[in-house]
Amino acid sequence: MLTRIREKAQGAFAWGILIIICVPFALWGIQNYLDTGKEPPVASVGDRDFYQQDVNRAYEQYSQNLQGLNIDEQTLKAQALEKLIKDEVLLQHVRSEGLVTGDNRAREFIKSLEYFQVDGKFDENRYKALLNSQRMTSGEFVNRIKNALVMEQFQRSIIDSSFATQHDVESFFKIQNQQRDVAYVTIPAQKPAEQPSEEEVTAYYQQHQDQYKVPEQVSVEYVELSLEDIAKKVAVTDEKLKAFYEEHKDQYATPERRKISHILFAINDKQDEKTALEKALQAKKDLANKDFAKLAAEVSDDKLTANKGGDLGLFTSGAMEKSFEDATNALKLGEVSEPVKTAFGYHLIKVTELVPGEVKPFDAVKPELTKAYQKAQAENTFYESGETLTEMSYENPDNLQTVADALGLTIKKTALFTKDKGEGIANDPKVRSAAFSEEVQQGNNSTPVEFGAERLVVLRMQEHKPAATRDLSEVKQQVIETLLSEKAKQQAVEKAQQIKTRLQAGESIDTVAAENNLTVKKMADVTRNNGELPWQLNQAIFKAAKPVGDKSTIFTTALPSDEQAVVSLSKVKEGIMSEDDKKQLELASKNIARAFGQNEFNAVMNSLQAKADISVKKAQAQN
């Protein structure tokens with residue numbers, strides 16, 4: 001549920017909006033606005049203090065977004081604090097400049113967020129339920145939105161004012177479409193026949209024990225609030241269902257379907273509007289003595305449909321211009337319209353088939369109607385229960401029984417799982433992230449974990465098993481394989497360096513390759529998006545310096561499977577704009593301008609941050 005705001009927020013500053021909007025959406029908790037005198041701040045920007053809990057919540061957000069990237073916790077916490085500081089610097093700057101945004105714009109933005117919508121429309125009850133659950137008034141929320149929007153406005157004022165000259169665009173394509181001639185050899189990483197000694201194995205194991213740990217594991221107990229479960233308990237009667245059916249009858253209706261044909265007289269460089277209309281009027285007269293399909297084949301300027309008698313298939317509302325749709329909807333079966341003008345020209349339209357609309361009878365839709373009714377009736381209970389779940393699990397952080405009893409929920413349990421893998425509900429990365437969060441590790445209930453808009457889960461620690469190092473006897477073969485692989489890689493690197501040195505001394509790549517039983521591969525006009533080469537090699541080729549004079553640029557690069565490539569770059573050809581590139585000039589110019597604008601904005605932010613009163617008062621990585 002909460003993540004939908006991030007997905008739907010518009011503009012380049014959408015992530016920043018999240019940091020300011022409200023407690024669960026942002027990265028710091030409500031405690032930051034209440035009882036903060038019990039702990040010293042981690043950092044300050046002017047008179048705004050950030051506490052360790054702010055960094056912890058930011059870290060939780062980062063760890064969810066960067067799941068699987070193996071970025072260590074301390075680095076993420078440092079980045080989280082940096083982000084908090086940058087956003088606060090910007091907010092204080094826009095305030096000092098007197099920049100504001102109106103209440104109406106903020107409210108329209110809030111209404112556009114899908115999170116607050118039901119059936120595509122803003123729902124006041126859902127909006128209030130969320131704010132109440134966070135102990136926040138509508139005025140406070142609107143003010144945070146206004147701050148976020150004015151920050152985005154400031155960013156856009158810089159980025160959108162940037163532009164790219166024709167020279168910039170041409171220079172881009174000269175680099176982007178550059179072509180390079182290369183010759184290269186690949187040195188495989190061959191594992192040595194000689195096995196590592198016992199001393200080597202033991203030494204490697206002792207130096208790399210972290211690689212042989214059983215990962216940290218936890219199991220949790222949890223309560224789950226589900227809209228579906230609540231809906232199943234809603235009592236249903238035929239009387240209530242029939243009333244609901246009448247209110248939503250349009251959802252069970254099949255609209256009238258019309259199959260249409262047309263004859264088009266186009267308005268274009270070869271035919272002006274007057275001529276097109278005259279031809280259309282004449283064709284309407286000709287239809288008195290001629291079949292519509294035959295006339296369409298003879299005179300229609302829509303050549304794609306002319307050979308099918310002008311057939312456009314089933315008419316769909318919203319697919320054509322209003323004038324065309326209005327004329328089509330007014331026609332009876334077999335009737336031909338007067339000339340109808342659209343952006344394409346003048347049309348004669350005929351309805352060739354008419355399938356009346358129908359409403360499915362009550363008995364035919366009763367099963368799906370029952371589910372829809374139960375769900376609709378359960379929504380308010382679900383959101384009210386969600387508020388209770390949030391409040392009670394926060395107010396009673398040391399147990400789930402209190403909230404389970406209050407809401408009639410069953411406490412469930414999981415098996416042990418790691419940060420990267422779990423079964424059942426722990427298969428979801430959001431659950432694993434919450435289970436390993438600092439608040440849960442400290443013995444508290446988690447903040448609610450949301451699954452779409454219809455499920456909420458609160459969990460707490462049941463069992464914790466710290467990471468443990470496996471004994472050498474268990475992993476000895478793994479250590480041996482690692483040592484052999486590393487030796488193979490090192491031998492490949494040394495061989496590549498030897499070949500590189502000889503080539504730089506002026507020896508021929510063909511001669512050196514033959515002596516080492518290697519195959520030389522030569523490629524001319526290599527491009528940046530070449531699909532024949534491994535991407536690591538292609539990337540290295542275009543990072544390499546241009547040859548000077550007749551002397552090739554020689555370099556090495558690592559390839560998959562620990563192979564090494566030695567490359568001789570002999571020629572660089574300046575790129576030119578292709579015909580396809582010329583068609584994309586406007587888009588390229590906008591993208592280049594946007595990149596320039598982003599660089600300008602980054603420079604402004606660096607300047608503001610350098611001038612700001614920022615104080616980091618203790619290590620942000622501290623738990």
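**Exercise 1. Backbone angles**

Task: Determine whether Asp 525 is buried, partly exposed or exposed, and state in which element the place of Asp 525 is.

Solution. Asp 525 has a relative accessible area of 33%, and it is therefore partly exposed; the classes are buried under 20%, exposed over 50% and partly exposed in between, with a 1.4 Å probe and protein chains only. The model is a predicted one, in which local features need pLDDT of at least 70 and side-chain atom pairs count only at pLDDT 80 or more, while totals for chains, interfaces and linings use all residues. Residues are numbered from 1 along each chain as its sequence is written, and side-chain values use heavy atoms, with hydrogens and water left out.

The place of Asp 525 is in strand S18. Helices (H or I, at least four residues) and strands (E, at least two) are DSSP runs numbered from the N terminus. Most residues other than glycine have a negative phi. Asp 525, however, has a positive phi near 55 degrees. Asn 517, also not a glycine, has a positive phi of about 55 degrees. Asn 517 is found in the loop between helix H21 (509–515) and strand S18 (521–526), and at 73% relative accessibility it counts as exposed.

**Exercise 2. The packing of H11 and H16**

Task: At roughly what angle do the axes of helix H11 and helix H16 cross, and which residues meet?

Solution. Two packed helices are described by the angle between their axes and the distance between the axes. Axes are lines fitted to C-alpha atoms, for helices over the stretch in contact, and angles run from 0 to 180 degrees between N-to-C directions. For H11 (residues 238–247) and H16 (residues 362–395), the axes come within 9 Å and cross at roughly 90 degrees. H11 and H16 are therefore roughly perpendicular; this class spans 65 to 115 degrees, while angles under 35 are roughly parallel, those over 145 roughly antiparallel and the rest oblique.

Next, the contacts (heavy atoms within 4.5 Å) are listed. On the H11 side they include Leu 241, Phe 244 and Tyr 245, and on the H16 side they include Phe 362, Leu 369 and Tyr 373. By class, the contact has nine nonpolar, one polar and four charged residues. Here Ala, Val, Leu, Ile, Met, Phe, Trp, Tyr, Cys and Pro count as nonpolar, Asp, Glu, Lys and Arg as charged, and the others, Gly among them, as polar.

Thr 237 lies in the loop between helix H10 (227–232) and H11 and, at 35% relative accessibility, counts as partly exposed. Thr 237 and Thr 370 are 133 residues apart in sequence, yet 9.2 Å apart in space from C-alpha to C-alpha.

**Exercise 3. The packing of H5 and H7**

Task: Describe how helix H5 and helix H7 cross.

Solution. The axes of H5 (residues 103–112) and H7 (residues 138–159) come within 9 Å, with a crossing angle of roughly 100 degrees.

**Exercise 4. Aromatic pairs**

Task: How many aromatic pairs does the count come to?

Solution. Rings of Phe, Tyr and Trp (its six-membered ring) pair if their centres lie within 6.5 Å; planes under 30 degrees apart are stacked, over 60 edge-to-face and the rest tilted. The count comes to eleven aromatic pairs. Phe 122 and Tyr 127 form a tilted pair, with 5.4 Å centre to centre and 55 degrees between the planes. Phe 122 counts as partly exposed at 26% relative accessibility, whereas Tyr 127 is buried at 5%. The rings of Tyr 245 and Tyr 252 have centres 6.2 Å apart and planes at 35 degrees, so this pair is tilted. Both Tyr 245 and Tyr 252 are buried. One aromatic cluster consists of Phe 116, Phe 122, Tyr 127 and Phe 141.

**Exercise 5. Contacts of Val 359**

Task: With which residues is Val 359 in contact, leaving aside its neighbours within four places in sequence?

Solution. Val 359 lies in strand S13 (residues 358–359) and counts as partly exposed at 41% relative accessibility. With those neighbours set aside, Val 359 is in contact with Tyr 245, Lys 249, Tyr 252 and Ala 253. Val 359 and Thr 254 are 105 residues apart in sequence and 6.1 Å apart in space, C-alpha to C-alpha.
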